[in-house]
Amino acid sequence: MTSRTAPTAPRVVVPRPERLRRPGPAGFGWLDARLHRQGWLALLTPEDLATYTFLCLVANPQGVSWYRRDRIRQALGLGEDALWLALRRLTALDLVAYRPFGPHASDGFHQVLALPPQGPPETMPWLEGDDRP
């Protein structure tokens, strides 16, 4: 009978243990590591990624942000068209959902969604219509 030893996990060294991230009273923004592991990053432009990251950082515990687009543009240094396209792409990829503040509102709530269970699409979905989020 041959005995096998289980492979040992690599020893993790924490360079600055006094600086571990912990949720604080102001919230705790985070990104799902599956964005990288499942190939989502290949579909995102730098503007998409900046917008997604910003929404993750400012979201409440349900993933909702009510920052107006002008504030998002200012924070990210993006033009109106670049932000509009990034939000459209994130919505088309089913990473972000949008609901206007009211029937005639030009701004609204953006919700960062749990990643779709089927993973990323093979290609970028077609952006239908011209309605801006």
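# Reading rings, a helix and a core

Q: What is the relative accessible area of Phe109?
A: Phe109 has a value of 35%, so Phe109 is partly exposed. Buried means under 20%, exposed means over 50%, and partly exposed lies in between, with a 1.4 Å probe and protein chains only.

Q: What kind of model is this?
A: The model is predicted: local features need pLDDT of at least 70, side-chain atom pairs count only at pLDDT 80 or more, and totals for chains, interfaces and linings use all residues. Numbering starts from 1 along each chain as its sequence is written, and side-chain values use heavy atoms, without hydrogens and water.

Q: How many aromatic pairs are there?
A: A pair of aromatic rings is described by the distance of the centres and the angle of the planes. Rings of Phe, Tyr and Trp (its six-membered ring) pair if their centres lie within 6.5 Å; planes under 30 degrees apart are stacked, over 60 edge-to-face, the rest tilted. Here the count is two. Phe54 and Tyr67 are edge-to-face, with centres 5.2 Å apart and planes at 90°. This pair links distant parts of the chain, 13 residues apart. Phe54 sits in helix α2 (residues 46-58), and Tyr67 in the loop between β1 (64-65) and α3 (69-76). Phe54 is buried at 12%, while Tyr67 is partly exposed at 28%. In the other pair, the centres of Phe101 and Phe109 are 4.9 Å apart and the planes at 85°, so this pair is edge-to-face. Phe101 is partly exposed at 33%.

Q: What span does helix α4 reach?
A: Helices (H or I, at least four residues) and strands (E, at least two) are DSSP runs, numbered from the N terminus. The expected helix span is 1.5 Å times one less than the number of residues. Helix α4 (residues 80-92) has 13 residues and reaches 18 Å from first C-alpha to last, close to the 18 Å expected. Just after α4, Asp94 has a positive phi of about 65°.

Q: Which elements do the buried residues of α4 pack against?
A: Contact means heavy atoms within 4.5 Å. The buried residues of α4 include Leu83, Trp84 and Leu87. They pack against α2, α3, β2 (96-100) and β3 (108-112).

Q: Which residues have the most contacts inside the largest nonpolar core?
A: In soluble globular proteins, nonpolar side chains tend to be buried together. A nonpolar core is a set of buried Ala, Val, Leu, Ile, Met, Phe, Trp, Tyr and Cys residues joined through side-chain atoms within 4.5 Å. The largest core has 18 residues, and Tyr52, Leu55 and Leu95 have the most contacts inside it. Its largest share, four residues, comes from α2.
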